[in-house]
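Here is a short report for a first look. Please keep the sequence and the model at hand while reading.

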Amino acid sequence: MFRIGTGIFSDKIKTETVDYLNTLLDFSMKNLPSQHEEKPHICTKKGYQTYDITKYLNDSYKKDLTKRYFDIKDLFYMHCIHYYPNGYQHLHDHAHSEKYSFVAYLNDADGDTVVYLKNPLEYKNTKEYRFTPKKGKIVYFPGHLPHEGLLTTSNKRVAVGSLQRQEVG
């Protein structure tokens, strides 16, 4: 584990998990519509996004994704994204849905993930943490932090997960 600060940390997932997630993504791309085709408001641009895939994950894969930091029951939603060249993810957060988020990289690519401590549209010079996609790296961060996926020139592939459902009162 590599702790970065402010609740942001990274680790590695097993090759078997990466391979399985890539297989799920490939199957979905060949056989199912992309989520953004039916929901154009989602943040993924110029990419294919699966629907929730948690029901296709056995406990071994869930444990690898949650590591020792979370219980497998904390993983309540997950989707995969294949970005086409010039694909990206709009700035957004998950403040009203989850306490923690993660991004697991399924290949080496460009198009860093950037996590901000405050919304950069509201606060100039806010602290940011950049993560370059490396196959097998997983990055966890508090869901309320604004984040985005920068433009990729390659076919970046990621798995994005939601941990610890946020109770909205």
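## Cysteines

The sulfur of cysteine 43 lies 17 Å from the closest cysteine sulfur, in cysteine 80, which is too far for a bond. A disulfide is a pair of cysteine sulfur atoms within 2.5 Å. Searching the whole structure turns up zero disulfides. Cysteine 43 is partly exposed, at 22% relative accessible area. Cysteine 80 is buried, at 0%. Buried means under 20% relative accessible area, exposed over 50%, and partly exposed in between (1.4 Å probe, protein chains only).

## Basis of the model

This model is predicted: local features need pLDDT of at least 70, side-chain atom pairs count only at pLDDT 80 or more, and totals for chains, interfaces and linings use all residues. Numbering starts from 1 along each chain as its sequence is written, and side-chain values use heavy atoms, leaving out hydrogens and water.

Strand 5 covers residues 98-105, and seven of its eight residues are buried. Strands (E, at least two residues) are DSSP runs, numbered from the N terminus. Two strands pair if DSSP finds at least two bridges between them.

Strand 5 runs antiparallel to strand 10 (residues 157-165), joined by seven bridges. Here phenylalanine 102 stands opposite glycine 161. Strand 5 also pairs with strand 8 (residues 137-142), antiparallel, over five bridges. There valine 103 faces valine 139.

## Arginine 157

Arginine 157 sits in strand 10. It counts as buried, because its relative accessibility is 10%. Its side chain makes a polar contact (N or O atoms within 3.5 Å, one able to donate a hydrogen and the other to accept it; residues adjacent in sequence count only if both atoms are side-chain atoms) with the side chain of asparagine 22, at 2.7 Å.

Terms used. Helices (H or I, at least four residues) and strands (E, at least two) are DSSP runs, numbered from the N terminus.
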